[in-house]
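Okay, thanks for coming, everyone.

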Amino acid sequence: MDETEFWEIIDSTRAAADGDPEDHADLLIERLLQRDPESVLDFARHFEARYNRAYRWDLRGAAAVLLGGAGDDSFDYFRCWLIGQGREVFEGALHDPDDLAGLLDEFDEEVDGDGEELGFAADEAYEQLTGAVAPDLGITAQAPEPEGTAFDLEDEAGLADRYPQLWERFGD
């Protein structure tokens with residue numbers, strides 16, 4: 001599976017789910033179940049590589065603005081959700097997290113921002129296909145700390161300065 005095919009699967013299942021992260025995960029599992037186990041592992045590698053790329057302080061700050069805070073678990077789920085938004089939103093957020101203000105049509109913190117189930121979709125599909133737990137993907141593990149310089153995620157003035165567009169649109 002190449003990168004283009006990975007993003008096509010993400011995009012088509014998100015569109016079919018009307019943006020609902022739980023439905024998106026269910027549809028993603030259904031779609032992966034139509035593939036062979038090695039393709040599912042390829043999908044998992046693509047997902048995990050992007051998940052690790054998004055482990056950055058600047059994205060954690062953007063998540064804090066959107067979610068009203070970003071603890072370890074909520075940031076993990078946010079990164080899964082961000083991948084689920086598709087290539088344009090994901091790559092745009094990596095380029096400049098403040099650009100999420102223009103990349104997102106809407107953001108409902110009750111529904112959006114939590115893609116936990118998306119993070120398990122490939123594992124679930126692999127297990128259903130093979131009856132076994134997915135093996136190690138053979139990719140570099142996530143760093144112990146996010147990339148970049150840590151900053152106070154509870155400093156609203158600091159967040160407003162770092163993310164002026166996001167703050168104007170989604171901040172408290």
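**Starting from the core**

Let's begin with Leu 66: leaving aside neighbours within four places in sequence, this residue is in contact with Phe 78, Leu 100, Leu 104, Phe 107, Glu 109, Leu 166 and Phe 170. Contact here means heavy atoms within 4.5 Å.

Quick housekeeping before I go on. What you see is a predicted model, where local features need pLDDT of at least 70, side-chain atom pairs count only at pLDDT 80 or more, and totals for chains, interfaces and linings use all residues. Residues are numbered from 1 along each chain as its sequence is written, and side-chain values use heavy atoms, with hydrogens and water left out.

Back to Leu 66. Leu 66 is among the residues with the most contacts inside the largest nonpolar core, along with Phe 43, Phe 78, Leu 82, Ile 83, Leu 100 and Leu 166. That core has 53 residues, and its largest share, eight residues, comes from helix H4, residues 57-67. By nonpolar core I mean a set of buried Ala, Val, Leu, Ile, Met, Phe, Trp, Tyr and Cys residues joined through side-chain atoms within 4.5 Å. Buried is under 20% relative accessible area, exposed is over 50%, and partly exposed is in between, with a 1.4 Å probe and protein chains only. Helices are DSSP runs of H or I with at least four residues, numbered from the N terminus. As general background, in soluble globular proteins nonpolar side chains tend to be buried together.

**Around H5**

Now, at what angle do H5 and H8 pack? Helix H5, residues 72-84, and helix H8, residues 116-130, pack at about 75°, with their axes 6 Å apart. So H5 is roughly perpendicular to H8; the class runs from 65 to 115 degrees.

On the H5 side you have Tyr 77, Cys 80, Trp 81 and Gly 84, and they meet Glu 116, Leu 118 and Gly 119 in H8. The residues of that contact split into four nonpolar, two polar and one charged. In that scheme Ala, Val, Leu, Ile, Met, Phe, Trp, Tyr, Cys and Pro are nonpolar, Asp, Glu, Lys and Arg are charged, and the others, Gly among them, are polar.

H5 also holds Arg 79. Is Arg 79 buried or exposed? Arg 79 counts as buried, because its relative accessibility is 0%. Not counting residues up to four places away in sequence, Arg 79 touches Tyr 51, Asn 52, Ala 54, Tyr 55 and Gln 142.

**Salt bridges**

How many salt bridges does a search of the whole structure find? It finds eleven, taking a salt bridge as a side-chain nitrogen of Lys or Arg within 4 Å of a carboxyl oxygen of Asp or Glu.

One of them joins Arg 35 and Glu 5, with the closest N and O atoms 2.2 Å apart. This pair links distant parts of the chain, 30 residues apart: Arg 35 is in the loop between H2 and helix H3 (37-53), and Glu 5 is in helix H1. Arg 35 is partly exposed at 22%, and Glu 5 is partly exposed at 29%.

Then there are local pairs. Asp 11 bridges to Arg 14 at 3.1 Å between the closest N and O atoms; these two are three residues apart in helix H1, so about one helical turn separates them. In helix H3, Arg 45 and Asp 42 are also three residues apart, about one helical turn, and their closest N and O atoms are 2.9 Å apart.

Glu 3, Arg 50 and Arg 87 are linked in a network of salt bridges. Arg 50 lies in helix H3 and is buried, with a relative accessible area of 8%. Beyond four places in sequence, its contacts are Glu 3, Phe 6, Trp 7, Ile 83 and Phe 90.

Asp 18 sits in the loop between helix H1 (3-16) and helix H2 (21-32). Asp 18 has a positive phi of about 50° although it is not a glycine. For context, most residues other than glycine have a negative phi. At 72% relative accessibility, Asp 18 counts as exposed.

Gly 69 is in the loop between H4 and H5 and is partly exposed at 27%. Gly 69 and Leu 153 are 84 residues apart in sequence, yet 7.0 Å apart in space, C-alpha to C-alpha.

Notes. Axes fitted to C-alpha atoms, helices over the stretch in contact; angles between N-to-C directions. Parallel < 35°, antiparallel > 145°, perpendicular 65-115°, else oblique.
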